[in-house]
Amino acid sequence: MATYQAPLRFMRFLLHEVFNTQEMLKKLDIMEDFNVELMDAILDEAANFSQQVLLPINQSGDEQGCTFNEGAVTTPDGFKEAYKKYLEGGWAVMGCDEKYGGQPLPKALHLMIEEIFYACNTSFGLYPNLTNTAIQLLETHASQELKESYLAKMVSGQWSGTMCLTESHAGSDLGLIKTKAVEQPDNSYLISGTKIFISAGEHDLTENIIHLVLAKLPDAPEGSRGISLFLVPKFLPNEDNTPGERNTVTCGSIEHKMGIKASATCVLNFDQAKGYLIGEINAGLKCMFTMMNNERLSVGMQGVGIAEVSLQSATAYALDRKQGRHQGSKEAADSIIGHADIRRMLLSMMSMNGGCRALAAFAGNLHDVSVHHNDEAERKKSERMLAILTPVCKAYFTDASFDSCNNGVQIFGGHGYVKEWGMEQLVRDVRITQLYEGTNGIQSMDLLSRKILADDGRGWEEYKSELCAMIKEAEEVNVLGKDCTRVRQAMGNLSSVTDSLLEDGKRNSGLVGAVATEYLNLFGTVTLGCLWLKMAAVSINTGEDDLFYKQIRSSCAFYCRHQMATVFTSVNRIMAGSHTIVSPELEEFELTTLVN
Ligand SMILES: Cc1cc2nc3c(=O)[nH]c(=O)nc-3n(C[C@H](O)[C@H](O)[C@H](O)COP(=O)(O)OP(=O)(O)OC[C@H]3O[C@@H](n4cnc5c(N)ncnc54)[C@H](O)[C@@H]3O)c2cc1C
């Protein structure tokens, strides 16, 4: 089984020393109970619960998977019991409104707790997480009546939530959905259509499932401008909010997948199912983005969590496994941790994972400022920066995490490829994070097209100032001299590439499509460089020299000298433009599929 202990020291370092979350909460005048001790106690409990309850059923859940029988889905052995313990532990109410029984949490802390749950058992984590993000959507957009009927049961975790967007012919392009909604005299709607790939669409963990469904009214405008959002419960609630009559939404089958096998991925058939409008007619996608943006951050944390397991397992293995001899050694064989190539992989995993976790904490604090600051201008500024960072957290974290899991297998050699050690499961489980919640290709276009170009670079300029302030702070700690220079140069590269895209991108949509993925890579790489400088500067300023701070500085040095070398590749690729990508004739591609 894979090795895992929640990286609590790192998390505490970020929350208290690097980003000073307690101070931020004080300034915002919110969550006054959340001092350092309380945040640490919650993290400790999350680690205990996940390591004792969720980790032991991760491998067995993968082997057993979910089963489907006549419309019913059964989760693997132990999942029901674990879910009960999850509710008893009070985890379901995390981050929800107190009015409905919730417990607000600082977002940075919330994201770290999610990381721990996902590390121990990604499949399990998905069930409550979807409920949590569905709750955020309902809190923001649902009518008071719907809130009263559904929120308390969802916050308590007795009822779960789903997001129903995808149809067989409509994945990335939701404007193509065909699911129909027809208004009824009592203001409800009858929903008909088939959704595919719906996570937690049917299961045996909760007494009711609340589907949030995108559908179109008969006279709706074409494309994404004609999408509305509906709440469709599996069981229609009685007056006393107990589950009543069965609604006509049924599970047709479940998918047999590469990974996250204990998460039920369902085909859902809506056959004139009763539903209720959320938000305005034809404004459904905008409402759905409340859930999707939270989900995107959350999927990023899935990646970080799984990659952390890979890092810890590979490190333990490398310390133990003896193959080959170090220079001058008299042993029959030395442990592989001494080989530079193994260290290269471990440092790459360590520096990417730590950097991503730091960016998540930064984004978490931005989230809280964007919601709670008393000055509207400050709220809007943080909202713009968070909007920029959301696709970066989703795509950059998950690409890096896949690489880390792949490196984990590599460090185990052939033993990584067989089931016994659990390393191949990590690769299979993490792979989905690059696909769902909008593929990473779609995220990169969201970043460049919608968040940078459509905003005329306004959010970008604000974000750039934040990054430059981090570099300046680190420059004041002269120990980091050369690394500061590297990051400052990379920042200059990102800045001039962005200026050039702001100039050319709007009139050349082909260019945006061709360079967006590389732009997101560059953006993420430079951002993590600034964050590593910030972390190293904090570690130096403590004046202490314990092993943890040394590890921070070693990771920073490795990141700045090795990982950041990709900046030049990215810049060259972006500056190469779109011609070589868009100019080949369609027939040239078709030739590949023809038998010679
Ligand atoms: C295990 C699992 C769980 C899921 N859970 C849910 C869920 O709970 N709810 C839900 O609604 N959906 C869910 N999905 C669906 C998932 O979000 C979609 O699979 C994903 O958004 C991609 O859609 P698609 O598979 O149709 O791929 P397509 O949209 O067909 O994309 C295929 C390829 O084309 C690229 N592409 C598409 N359009 C463009 C474009 N305009 N420009 C450039 N490239 C483009 C994509 O990046 C991708 O590489 C889940 C999927 C899986 C596999």
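**Entry 1**

What I was looking at is a predicted model, in which local features need pLDDT of at least 70 and side-chain atom pairs count only at pLDDT 80 or more, while totals for chains, interfaces and linings use all residues. I numbered residues from 1 along each chain as its sequence is written.

Asn282 lies in the loop between strand E11 (265-278) and helix H9 (284-320), where helices (H or I, at least four residues) and strands (E, at least two) are DSSP runs numbered from the N terminus. The phi of Asn282 is positive, near 70 degrees, although the residue is not a glycine. Most residues other than glycine have a negative phi. I then turned to Asn241, in the loop between strand E8 (235-237) and strand E9 (243-246), and noted a positive phi of about 65 degrees there, again in a residue that is not a glycine. Asn241 counts as partly exposed because it has 15 C-beta neighbours inside 10 Å.

**Entry 2**

Glu183 has Tyr189 of E5 as its bridge partner. Five residues stand between the two strands of this hairpin, and Asn187 takes a positive phi near 75 degrees.

**Entry 3: Leu205**

Leu205 counts as buried because it has 22 C-beta neighbours inside 10 Å. Leaving out residues up to four places away in sequence, Leu205 touches Thr75, Phe79, Lys80, Tyr83, Tyr127 and Ser160, a contact being two C-beta atoms, placed from the backbone, within 7 Å.

**Entry 4: helix H8**

I checked the length of helix H8 (residues 144-155): its twelve residues should span 16 Å at 1.5 Å a residue, and its end C-alpha atoms are 16 Å apart, which agrees; the expected span is 1.5 Å times one less than the number of residues. The buried residues of H8 are Tyr150, Leu151, Lys153, Met154 and Val155, and they pack against helix H7 (122-141), strand E3 (159-164), strand E6 (208-215) and strand E7 (228-233). Gly157, which follows H8, has a positive phi near 85 degrees.

**Entry 5: domains and the whole chain**

I noted three domains, namely domain 1 (1-283), domain 2 (291-322 + 333-438) and domain 3 (456-581), with bounds from an automatic or database domain assignment. The centres of domain 2 and domain 3, taken over C-alpha atoms, are separated by 18 Å, and their contact takes 19 residues from domain 2 and 18 residues from domain 3. On the side of domain 2 that touches domain 3, helix H10 (340-372) and helix H11 (376-412) are the elements that give two or more residues, and H10 has the largest share, ten residues.

For the protein chain, I recorded 20 helices and eleven strands, and of its 596 residues 52% count as buried.

Terms used: Two strands pair if DSSP finds at least two bridges between them. A residue is buried if 20 or more other C-beta atoms lie within 10 Å of its own, exposed if 12 or fewer, and partly exposed in between; C-beta atoms are placed from the backbone.
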